[in-house]
Protein chains: 2
Amino acid sequence: MAKLSSRITSITSGGSDGWEVFYRARTMIAAGEDVTELTIGEHDVRTDDSILDAMHHSARGGHTGYALVPGVQALRQAVADRIQTRTGVPTGPENVMITPGGQSALFSAHMAVCAPGDTALFVDPYYATYPGTIRATSATPVSIQTRASDAFLPSAKEITKAAQTHNARSLLINSPNNPTGSVYPRENLEAIAQACVENDLWLISDEVYDTQIWQGEHISPRALPGMSDRTLVVGSLSKSHAMTGSRIGWIVGPKDAIQCLIDLATSTTYGVPGYIQDASLFALQQGDALEEKVAAPFRRRRALILDVLAEQNTVTAIPANGAMYTMLDIRATGLSGFDFAQALLTEHKIAVMPGESFGTSAAGHIRVALTVDDAKLSVSVRTLCQFAQKLAQDRTHAS
Amino acid sequence: MAKLSSRITSITSGGSDGWEVFYRARTMIAAGEDVTELTIGEHDVRTDDSILDAMHHSARGGHTGYALVPGVQALRQAVADRIQTRTGVPTGPENVMITPGGQSALFSAHMAVCAPGDTALFVDPYYATYPGTIRATSATPVSIQTRASDAFLPSAKEITKAAQTHNARSLLINSPNNPTGSVYPRENLEAIAQACVENDLWLISDEVYDTQIWQGEHISPRALPGMSDRTLVVGSLSKSHAMTGSRIGWIVGPKDAIQCLIDLATSTTYGVPGYIQDASLFALQQGDALEEKVAAPFRRRRALILDVLAEQNTVTAIPANGAMYTMLDIRATGLSGFDFAQALLTEHKIAVMPGESFGTSAAGHIRVALTVDDAKLSVSVRTLCQFAQKLAQDRTHAS
């Protein structure tokens, strides 16, 4: 085979990425074993029939030809309205480009602000694709480490230090956060925003979990002083409307940035299916009710997990104020998140993600996705806690 | 606004791109004028209802969650089978990645083989997005000029010269060709293949018009000696199945290249909607009959145009052996393609694309898309020829 470009051969960093537990669980399931999967951020419901019917209506109605590359005007307007209503920032369709999913928006945003060789900052722990996405743009990913004791919030001081050391061009944040469930509070976001202004950083704000807030409020940093001209917001209907498979999202940002992003989209995707955009418009038009219906199970299950955790004191939760995950501290067991997850899968056929899958900051933790029914989740987390207690006790006796 | 990356601000080359005629026609139509549009490569039929019904069946059946990033296995297999049957090259699902459209495949292929700063060759005249696609990957586009007298076929000698001058990494070709309608004959493809082997070039072969052959045969260069290890084939259901808006395509290539392309897709698109893939599988399962049904109007209209052209000798056609376009030589009028197209739109409200929209090689030509009904096309081309004759006569008298 002729030689491939170095950029494509180095998108994955090589070596273990901590996803062995996930793949082992899938293999066990394929072999017929009864494994409880608490690994992946995918709803246990399908996309609502009403949305799918709207899509079919659009397709059979003839919206099967090329759609405009930046997106159907009515959908751009609906996204702009939604953002303006929720954040107060003046937003028009010219500030919105529709993308084939949030991942495409993340990639395009980094393409827009980083040249090859530039440094792009991101926060550890992180959603699995972040460093690879930055590497795919030929930029260099540099992580901002965080601590469980700070609910994994990034410190502005660390951001400034990294920005200056690496002459960074951008910072990627994600609140509500995957994998930690943290919701960045206002004072933290204000400090981050100030660091961005002072160091001339673009802020890429991944807000795909913005409808999943269990405590506190969602603040979009684009609404903070001086930020609307240096923030690209990544949004999506995947999590808010259980439309993961439809690959529909957006970027919101300054008009001139959107104009350049349209040139990029012309060269990279050539737009998004019109009938999916029409279905998405229908979904947004259903307003808060549908979003709350989709979010409700996660709200309920998060409360349920906190109740189970209150029964013991070996396993503790990082404040899980949003998103469809809780991050649990299992350091009392003396095991790494990875070893604990492997042992839990072997002993109890419960699959969770090791904190190490998401970088180094969440070592000694595990992520539990709230994506199975309440009863099963409750039993599984209780089993998990008892397993951790036993490990912790064995350790105490051994020492 | 904070500064954008140089790569995204330079995707368009700036200045006129020759699409003024197209936009002027659109403006006239929006103002209520009766313009005949022969500009864009979009079918005058919608996607077949049976395909849309298959999509709805899949979506309502629950295929609304994340699909596997490289594509649904059954679709990868169906594409592999189709390619193997038509080309004879052993092809399995591991040689196929499903992409959200042919444009995404073009971009991804260049990302895979060119590092930032590398040179990527392409053939002029070219499909509008080619140079921007290469620039979006931070590679440098260098065109291979061609001549109308050679039916716009690229010469292997020119390719070798450009490859050596620029130390190029890749060559992009497109047969059947947009905008010229040329189908590259075997001996031309063999010479191109030899130039690729001798100069260690990847060949990116855009074959999205492979079902639209009116004369001769479609040869995939991946089937030529030594080429399967250095060819990435770009395919799509857009043109073959009138599914332009569904954004569904693929890349076929060496297994190791596909593996890296999957890493790229994980970072750039995160896959393609499962229900669109199921609909595409259904479409491919309909076999040749559906493809011929979609291609038939273009075959008929191309013959019809040749009949009209035979009535006069001012306007001549480049051998239009494939694709949904004919390229007409209007140099006898003394006008550029651009000026002729503008005048034709003004005088007769017929919109065609100037050859200059597709680079410099097709100056003095216009591209006619075969995308209106037979009667209207026939009348329009006859009017066009009479208009050209009059211009040519005026010119003779004036000189």
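This is a predicted model: local features need pLDDT of at least 70, side-chain atom pairs count only at pLDDT 80 or more; totals for chains, interfaces and linings use all residues.
The pairing of the two chains comes first. Chain A can be superposed on chain B with an RMSD of 0.0 Å by a turn of 180 degrees together with a shift of 0.0 Å along the axis, and that is the relation of a two-fold axis. Within chain A, the C-alpha nearest this axis belongs to A:His56, which lies 3.0 Å from it. The contact between the chains draws 64 residues from chain A and 64 residues from chain B. On the side of chain A that touches chain B, the elements that contribute two or more residues are α1 (6-9), α3 (49-60), α5 (102-113), α6 (130-136) and α9 (255-268) of chain A, and α9(A) provides the largest share, eight residues. Sorted by class, the residues on this side of chain A are 27 nonpolar, 26 polar and eleven charged. Because 100% of the interface residues of chain A are also interface residues in chain B, the copies meet through the same surface.

Within a single chain, the next level is that of the domains. The domain assignment of chain A gives domain 1, made of residues 6-46 + 289-398, and domain 2, made of residues 65-286. Taken over C-alpha atoms, the centres of domain 1 of chain A and domain 2 of chain A are separated by 26 Å, and the contact between these domains takes 39 residues from domain 1 and 38 residues from domain 2. On the side of domain 1 of chain A that touches domain 2 of chain A, at least two residues each are supplied by α11 (288-309), β10 (325-329) and β12 (365-369) of chain A, with α11(A) giving the most, eight residues. That side of domain 1 of chain A divides into 17 nonpolar, 14 polar and eight charged residues.

Helix packing can be followed next. Two packed helices are described by the angle between their axes and the distance between the axes. Helix α12 (residues 337-348) of chain A packs against helix α13 (residues 374-398) of chain A at an angle of about 115 degrees, with the axes 11 Å apart, which makes α12(A) roughly perpendicular to α13(A). This crossing of α12(A) and α13(A) is right-handed. From α12(A) the contact involves A:Leu344, A:Glu347 and A:His348, and from α13(A) it involves A:Thr383, A:Leu384 and A:Phe387; by class, the contact of α12(A) with α13(A) comprises three nonpolar, two polar and one charged residues.

Helix α12(A) also has a contact with helix α2 (residues 20-30) of chain A, where the two axes come within 10 Å and cross at roughly 10 degrees. The helices α2(A) and α12(A) are therefore roughly parallel to each other, and their crossing is right-handed. Here A:Val21, A:Arg24 and A:Ala25 of α2(A) meet A:Ala341, A:Gln342 and A:Leu345 of α12(A), a set with four nonpolar, one polar and one charged residues.

The axes of α3(A) and helix α10 (residues 274-285) of chain A come within 8 Å and cross at roughly 140 degrees, so the two helices are oblique to each other. The crossing of α3(A) and α10(A) is right-handed. In this contact, A:Ile51, A:Ala54, A:Met55, A:Ser58 and A:Ala59 of α3(A) meet residues of α10(A) that include A:Tyr275, A:Ile276, A:Phe282 and A:Ala283, and the residues of the contact divide into nine nonpolar, two polar and one charged.

Some details of the backbone remain. Most residues other than glycine have a negative phi, and most peptide bonds are trans. In chain A, the peptide bond from A:Asn178 to A:Pro179 is cis, with omega near 20 degrees, and A:Pro179 lies in the loop between β5 (170-174) and α8 (186-198) of chain A. In chain B, a cis peptide bond joins B:Asn178 and B:Pro179, with omega about 20 degrees, and B:Pro179 is found in the loop between β5 (170-174) and α8 (186-198) of chain B. A:Asp200, although not a glycine, has a positive phi of about 50 degrees, and this residue sits in the loop between α8 and β6 (202-206) of chain A.

Technical notes
Residues are numbered from 1 along each chain as its sequence is written. Chains are lettered from A and ligands numbered from 1 in the order in which they are written. Two residues are in contact if their C-beta atoms, placed from the backbone, lie within 7 Å. Helices (H or I, at least four residues) and strands (E, at least two) are DSSP runs, numbered from the N terminus. Ala, Val, Leu, Ile, Met, Phe, Trp, Tyr, Cys and Pro count as nonpolar, Asp, Glu, Lys and Arg as charged, and the others, Gly among them, as polar. Domain bounds come from an automatic or database domain assignment. Copies are superposed by least squares on the C-alpha atoms of residues with pLDDT of at least 70 in both. Axes are lines fitted to C-alpha atoms, for helices over the stretch in contact, and angles run from 0 to 180 degrees between N-to-C directions. Angles under 35 degrees count as roughly parallel, over 145 as roughly antiparallel, 65 to 115 as roughly perpendicular and the rest as oblique. A crossing is left-handed if the near helix is turned anticlockwise from the far one by less than a right angle, and right-handed if clockwise.
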